[in-house]
Amino acid sequence: MEENEKKLSKVGIVSCSGEDLPEGSISRLATLEVLHHKKLFDTTTICLPLYIAGGEGDRMFAKNHPTITVDGCEKLCAKKATEKYSGKVAHSINVRDFIKSPDDVKNKSNLNEDKKRITSEVADAISIKVDEILKENNK
Ligand code: SF4
């Protein structure tokens, strides 16, 4: 199926699973906020470890639906894996583009106010893109 032929009712959100970096946690929290609250009926997720391990259902879904990847750093693991196994993503988000100061994410363990703000901004950016993709694909 060609990229521009992807008709859809849902957008797949693929978050990186970076446990070692606060930005990886922010990726997952922002993705969950979109999946469970902001775009409950418009999105679904793909479990990145299963996807990489060979999850055929998830790979097929990502081949046939637009995906937004959310990564915690420039290594872009979610984007690279998705494009390797399922084709070009519709949009890619790097949490680091939302960080104004390294101090915002200095503490690994606490979800402080800065991290909450960044998480909220990333979730908003995902949601806006979901709306754009659905509007464009369902014209
Ligand atoms: S994109 Fe960065 S934070 Fe996310 S899994 Fe890869 S290396 Fe870890």
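**View 1. Helices α1 and α5 cross.** The axes of helix α1 (residues 22-38) and helix α5 (residues 113-137) come within 8 Å and cross at roughly 50 degrees. That angle makes α1 oblique to α5, oblique being what is left when angles under 35 degrees count as roughly parallel, over 145 as roughly antiparallel and 65 to 115 as roughly perpendicular. Axes are lines fitted to C-alpha atoms, for helices over the stretch in contact, and angles run from 0 to 180 degrees between N-to-C directions. Helices are DSSP runs (H or I, at least four residues), numbered from the N terminus. This is a predicted model, in which local features need pLDDT of at least 70, side-chain atom pairs count only at pLDDT 80 or more, and totals for chains, interfaces and linings use all residues. Residues are numbered from 1 along each chain as its sequence is written, and side-chain values use heavy atoms, with hydrogens and water left out.

**View 2. Residues where α1 meets α5.** In α1, the contact residues (heavy atoms within 4.5 Å) are P22, I26, L29, A30, T31, E33, V34 and K38. Their partners in α5 are K115, I118, T119, V122, A123, D124, I126 and S127. The residues of this contact divide into 9 nonpolar, 3 polar and 4 charged. Ala, Val, Leu, Ile, Met, Phe, Trp, Tyr, Cys and Pro count as nonpolar, Asp, Glu, Lys and Arg as charged, and the others, Gly among them, as polar.

Notes
Helices (H or I, at least four residues) and strands (E, at least two) are DSSP runs, numbered from the N terminus.
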